[in-house]
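Here are my notes on how the two parts of this protein meet. Have a look at the model first, then read on.

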Amino acid sequence: MARLLVDKSPPLRGTVRISGSKNSVLPILAATLLAEEKSIIEEIPRLQDVSIMQALLESVGAKTYWNENTMEINVNTLTQYEAPYELVRQMRASFLIMGPLLARLGRTRIPLPGGCAIGSRPVDLHLKGFAALGAEITQERGYVQAKADKLIGAKVYLDFPSVGATENIMMAGVLAEGQTVIENAAVEPEVVDLANYLNAMGALIRGAGTDTIKIVGVPSLRGVTHSIIPDRIEAGTFMAAAAITGGDLYLENVLSIHLNPVIAKFKEANIQVEETENGLHIFSQGDIQGTDIKTLPYPGFPTDMQAQLMSLMSIAKGNSVITETIFENRFMHVAELNRMGADIKIEGRTAIINGVPILTGTQVRASDLRAGAALILAGLIAEGTTEIQDIYHIERGYDNIEEKLRKVGARIQRIDI
Ligand code: EPZ
């Protein structure tokens with residue numbers, strides 16, 4: 001098993017290039033199934049999750065070629081409408097191929113993705129959308145099957161602005177007959193990136209980025225080249241690394257407009273942030289001040305940055321209150337941070353953090369992707385060595401995080417036990 005050893009590190013200084021967005025590339029790779037011609041996707045981050053999605057595309061008949069940060073996907077013949085359990089169980093985002101397969105083949109059979117550490121992660125809103133478009137949905141033996149001779153555009157109201165449901169229904173609607181309207185849609189930048197890719201393929205989508213998305217179905221889509229937007233959560237994670245070590249980092253390949261709620265919180269915490277054309281300069285100038293955070297759908301503060309800010313607030317001056325409104329179980333990093341000397345109490349969906357002067361390194365376990373990132377951040381300023389186990393969670397969603405950190409002065413290394 002691999003582990004990460006993180007020693008107390010000096011203030012991080014230098015430049016980090018942010019990779020393409022994990023949460024954008026996964027739905028866009030699924031969407032390549034909608035065209036009969038080859039698509040070329042650029043700025044692909046090198047992640048375990050992308051490898052799983054690549055295997056998934058191959059399992060239904062796609063031919064893929066991944067070189068550096070570019071992948072070619074050719075889907076002129078789809079041979080299979082069923083996704084293998086072995087792959088779906090490893091990555092929930094596998095469910096995003098359901099919309100494209102249903103739109104292309106008129107039927108699909110996908111294992112229901114299990115929950116994960118952070119919550120039960122139901123897919124009821126995805127299925128509600130497919131049913132509204134005329135699909136016959138059946139569930140048996142842990143699989144969900146959807147069939148429709150022809151999808152017919154319809155109005156779908158999402159009880160919650162689910163990112164995945166918005167993306168899956170959008171992908172089903174682009175080849176449906178007539179107009180589909182998604183109300184209370186998610187407005188995350190990754191939804192907009194997907195809509196931009198689909199429109200480049202010939203889809204007719206309007207309103208992506210607002211809570212009402214209108215899609216007029218077209219007969220077919222063509223393959224195109226598309227470049228993935230930068231990963232706003234990776235950028236936020238490196239912002240936290242600069243802040244927690246009292247460092248000074250320049251982040252290249254950042255669309256700072258996607259980070260407004262995160263930038264606002266760093267400034268409240270007395271961290272300086274300067275936005276440039278294609279990047280972001282972040283540096284500290286004195287004590288980190290405690291501040292309150294409440295996670296919300298975009299453009300609110302992103303749940304995927306909650307754990308990282310928890311680490312930062314654990315050594316801030318004063319108290320902080322963090323409320324997690326998106327997932328029901330996304331505080332598993334709290335117990336690990338408290339083992340490092342943090343002073344955090346959980347009351348339901350709220351964590352109360354009393355800032356402490358120091359943390360101390362020890363063995364800790366990553367429970368999920370962003371909790372793992374939070375433990376790396378804590379390890380950078382903890383006295384001694386922090387040994388992080390179960391780092392496969394981190395490798396799923398961060399493109400070579402330890403090398404990027406080492407280049408700006410972090411004392412971090414990966415060891416194989
Ligand atoms: C996406 O997950 C992201 N993953 C998550 O990032 C992110 O945390 C989440 O959006 C929220 O921003 C990808 O894009 C691959 P949701 P998704 O559907 O689509 C409930 C990371 O760390 N819900 O917006 O699964 C659900 O239970 C990951 O990079 C339903 O009730 O999120 C949750 O409470 C973690 N029914 C809330 O909505 C449904 O049918 C948000 O889920 C679907 C969702």
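1. Some ground rules. This is a predicted model, where local features need pLDDT of at least 70 and side-chain atom pairs count only at pLDDT 80 or more, while totals for chains, interfaces and linings use all residues. Residues are numbered from 1 along each chain as its sequence is written, and side-chain values use heavy atoms, with hydrogens and water left out.

2. Now the layout. Domain 1 covers 2-19 + 230-416 and domain 2 covers 22-227, with bounds from an automatic or database domain assignment. Their C-alpha centres lie 30 Å apart. Domain 1 puts 25 residues into the contact and domain 2 puts in 22 (contact means heavy atoms within 4.5 Å).

3. How much area is buried between domain 1 and domain 2? About 1800 Å², with carbon and sulfur atoms giving 53%; buried area is the accessible area (1.4 Å probe) that two parts lose on being put together, summed over both. On the domain 1 side, Tyr298, Arg396 and Asp399 supply 32% of what that domain buries against domain 2, more than any other three residues.

4. Arg396 turns up again: it forms a salt bridge with Asp49, the closest N and O atoms being 2.7 Å apart. The rule (a side-chain nitrogen of Lys or Arg within 4 Å of a carboxyl oxygen of Asp or Glu) finds 3 salt bridges across this interface of domain 1 and domain 2.
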